[in-house]
Amino acid sequence: MSSNSPVDIEIDEESYEIKAIKAYLAKEISISDLRTSLGLKRTQTYRLVDRYREHGAAGLDSKKFGNRNGAYPHSDRAKVMEIVREFYADFGPTLAAEKLKENHKILITAETLRRWMKEDGLWVDRAGRKPRIFSPRPPRDRIGELVQVDGSYHRWFEKRGDECCLLVFIDDATSELKLLRFVEHESSYNYMSCLKSYIDRFGRPLALFSDRHSIFRATNPTAEGERTPTQFARACGRLGIKVICAKTPQAKGRVERANRTLQDRLVKELRLRNISTMEAANIYAEKYRREHNKRFARVPANPENAHLPKPNESLNSLLTYTVERKVFKDLTLSFNKLRIILEDNSLSRKAVGKRVTVALDLEGTLEVLFEENPLPHRVFDKIQRVGDRSPDVVDHKRLGAALSMAKAINEVEPHHFKRNNHVLAGFRNHFRDPEDPTSSRLQSPPEALRKKYNGRPRAKLGQHPIVVLEDRISTIKRHMDDASSD
């Protein structure tokens, strides 16, 4: 046989089932053998044989073959995708499905629309998106040209203490830690206090590089699309410091990597020294900072120092919490549930009906300014507390116990009877009695007490005043019972 001669190949188009049924009809095998070969029950086997006798090989095909299973017709798909391209090309599948139902009375599931949009190239899911590439940015040339700032919440004291936040200032040119400070949480007050310490020691940096926290950047723009500066950004503007907000964590990777290193090394150093409080940690932080910089800091490309000198004006007058308030006809204005009474003079009368500036500095000094001129004033506390200035009651035992109970209840009154400490953040310390341990805010109470008293704490940072109250009430009741028995 020649190698170039054609080869006839016979293709068997009959399936195994057809051959088995033909063998049964030709009485070559029994029904039991057919059942075994097809793997079917007796009734189903007879049904297949009857369908083969009536329709031939086509009778063995599934009746579901060619059925669309409730799928949308091609005409409906084309109509829906035309509407999506015209009105909702940049919408996500879920939102587009909602708008189709709301505006066009077209009911379609989000997953079906997602599949259609992917097929037409209008939607790319996460798996299909290209990974975002972050190109490295060269560091700045001079010290003080750019300082990256960030707050790192972590269990710095492990199980020895509660969670707190470490504020980190790191120079972009040298990767040198400039300032480390443990605080309860990130706030405008804490960042201003750290910035004041930084300026006192190194001078004013040209710019600060931070994330888009609401401390540095207003989250809600105005109707005109403008963003009013935050308290911290306004203070930096008065100091001539530019605030740059990063759009991604990778953009400020220098301080992020420093946080990762600190969460490893600093935690272990604190453990070896058995440090479990923020006060002790802040004392040790300066020593650790110097040792860290000896190991990890590098030489800048340009030896010139870019820090600006300290301003001639006092830092306390520049780093302030500032708001505007309207002066009423009785020469008063409200601030943090305080009534401020202006001295009756020509300048104060000129400010009636207009807005003045109320500034609270880091040391708690309150100042009222009108057209950059300070207005003499005195503060009247609108919140009257039973025990604030009550004289000592020694004549009547039961009356003294009752007043003590009223004072204890007053100290843990609901939040809407207290000042807006959440607005002033760190400045709230100026409105708290430092000698009264029960004046601390609600922090990490039990779940039942937190629901009852509307407390929303972040972590355990002190003894819960409700617990203190319950102990004091039980003690007061015991004294009252003893007094009544006498």
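Analyst: R132, R212, R227 and K247 form a positive surface patch. Lys and Arg count as positive here, Asp and Glu as negative; His and the chain ends are not counted. A patch takes residues with over 30% relative accessible area and no salt bridge, like charges being joined within 9 Å. This is a predicted model: local features need pLDDT of at least 70, side-chain atom pairs count only at pLDDT 80 or more, and totals for chains, interfaces and linings use all residues. Residues are numbered from 1 along each chain as its sequence is written, and side-chain values use heavy atoms, with hydrogens and water left out.

R212 sits in the loop between β4 (207-210) and α8 (231-239). Its relative accessible area is 41%, so R212 is partly exposed (buried is under 20%, exposed over 50%, partly exposed in between; 1.4 Å probe, protein chains only).

Now the salt bridges. The structure holds 27, each a side-chain nitrogen of Lys or Arg within 4 Å of a carboxyl oxygen of Asp or Glu. One joins E119 to R77, with the closest N and O atoms 2.8 Å apart. E119 is in helix α6 (residues 110-119) and R77 in helix α4 (residues 74-87), 42 residues apart. E119 is exposed, at 51%.

R201 pairs with E286 in another salt bridge, at 3.0 Å between the closest N and O atoms. R201 lies in helix α7 (residues 188-202) and E286 in helix α10 (residues 278-296), so the bridge ties together parts 85 residues apart in sequence. R201 is partly exposed at 48%. E286 is partly exposed too, at 25%.

Note on methods. Patches are made of residues with over 30% relative accessible area and no salt bridge: like charges are joined within 9 Å, nonpolar side chains (Val, Leu, Ile, Met, Phe, Trp, Tyr) within 5 Å. Accessible areas come from the Shrake-Rupley method with a 1.4 Å probe; for residues, only the protein chains shown count as cover. The place of a charge is taken as NZ of Lys, CZ of Arg, CG of Asp or CD of Glu. Helices (H or I, at least four residues) and strands (E, at least two) are DSSP runs, numbered from the N terminus.
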